[in-house]
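User: I am new to this structure and would like a close look at a single part of it. Please walk me through that part, then place it in its surroundings.

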Amino acid sequence: MAFEMSADKQSVTVYHFHQESGELLGQEEIIVPPHTGLPAGSTVISPGNESPGNAAIYDATAGVWSLTEDHRGEMVYSTNTGDAQEISDLGPLPDGVTTIAPKDSYQKWDGNAWVDDPDAKHLDDVRSAADRLSALMKT
């Protein structure tokens, strides 16, 4: 349904969207004065039902809404290093991350889960022992 100007004032529900990203910002009932149009960054086209884990995005050129994955605020972990990072952009999760946290730094990602990495633990133990030996030899 497209908005049509009128010689009469109109009460309509508008859906506000971010003018760069198209993301739905909210909705409100407004009164449109005679011979005027909608505010910038708004449409009368409903985005439809909300879906958890998704954001409604409006394509102003095509005049349609779509859903995009929304993981913003979620913590993910690099499958290479185990380092944590917070997702700040719309869209699917980036490659090379998982939402599963490793239990410690001596784990590696096997493609499905974090598994113990005895080699990493051993290397760290050897490094710690060498550091301790070096410190003791200095005294």
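How far does the backbone nitrogen of I45 lie from a polar atom of the side chain of T43?

Analyst: The model is predicted, so every value here is computed from predicted coordinates. The answer to your question is 3.1 Å, from the backbone nitrogen of I45 to a polar atom of the T43 side chain.

Start with T43 itself. T43 sits in strand 3. Its relative accessible area is 5%. The cut-off for buried is under 20%, so T43 counts as buried.

Now the strand around it. Strand 3 covers 42-43. It belongs to an open sheet of three strands, in the order 2-1-3. The pairing in that sheet is antiparallel. Strand 3 is an edge strand, and strand 2 is the other. Each of these two pairs on one side only.

Next, the neighbours in this sheet. Strand 1 spans residues 10-17. Strand 2 spans 24-32. Eight bridges join strand 1 to strand 2, and the two run antiparallel.

E23 has a relative accessibility of 17%, so it counts as buried. The side chain of E23 makes a polar contact with the side chain of R72.

The whole structure holds four aromatic pairs. In one of them, F17 and W65 have ring centres 6.5 Å apart. Their planes stand at 85°, so this pair is edge-to-face. The pair links distant parts of the chain. F17 is in strand 1 and W65 is in strand 5 (residues 64-69), 48 residues apart. F17 is at 10% relative accessibility, so it counts as buried. W65 is buried too, with a relative accessible area of 14%.

W65 has another aromatic partner, Y58. Here the centres are 4.9 Å apart and the planes make an angle of 50°. That pair is tilted. Y58 is buried, as is W65. Together, F17, Y58 and W65 form one aromatic cluster.

In strand 5, W65 is the bridge partner of Y58. Strand 4 covers 54-59. Six bridges join strand 4 to strand 5, and these strands run antiparallel. The two form a hairpin with four residues between them. G63 lies in the turn and has a positive phi of about 70°.

Strand 4 brings us to the largest pocket. Strand 2 and strand 4 each supply at least two residues of its lining. The pocket has a volume of about 160 Å³. Its lining has 13 residues, and the closest to its centre are L24, P47, G48, E50 and A56. By class, the lining has six nonpolar, six polar and one charged residues.

Strand 6 covers residues 75-78. It pairs with strand 8 in the antiparallel sense over two bridges. Within that pairing, S78 stands opposite V97.

Last, a helix. Helix 1 covers residues 118-138, and S128 has its place there. S128 has a relative accessible area of 41%, so it is partly exposed. Its C-alpha atom is 65 Å from that of T13. Along the chain, S128 and T13 are 115 residues apart.

Back to the starting point. T43 is buried, it lies in strand 3, and its side chain has a polar atom 3.1 Å from the backbone nitrogen of I45.

Terms used:
Residues numbered from 1 in each chain as written. Predicted model: local features only at pLDDT ≥ 70, side-chain atom pairs only at ≥ 80, totals over all residues. Heavy atoms only, no water. Pairing = 2+ DSSP bridges. 1 Å grid on protein atoms, 1.4 Å probe; cavity = no way out; pocket = protein on both sides within 12 Å on 5 of 7 lines; lining within 4 Å. Points joined across faces, edges and corners; volume = space filled by probe spheres on them. Nonpolar A, V, L, I, M, F, W, Y, C, P; charged D, E, K, R; others polar. Phe/Tyr/Trp six-rings, centres within 6.5 Å; stacked < 30°, edge-to-face > 60°. Buried < 20%, exposed > 50% of the residue type's maximum accessible area, 1.4 Å probe, protein only. Polar contact = N/O pair within 3.5 Å; in protein donor to acceptor, adjacent residues only side chain to side chain.
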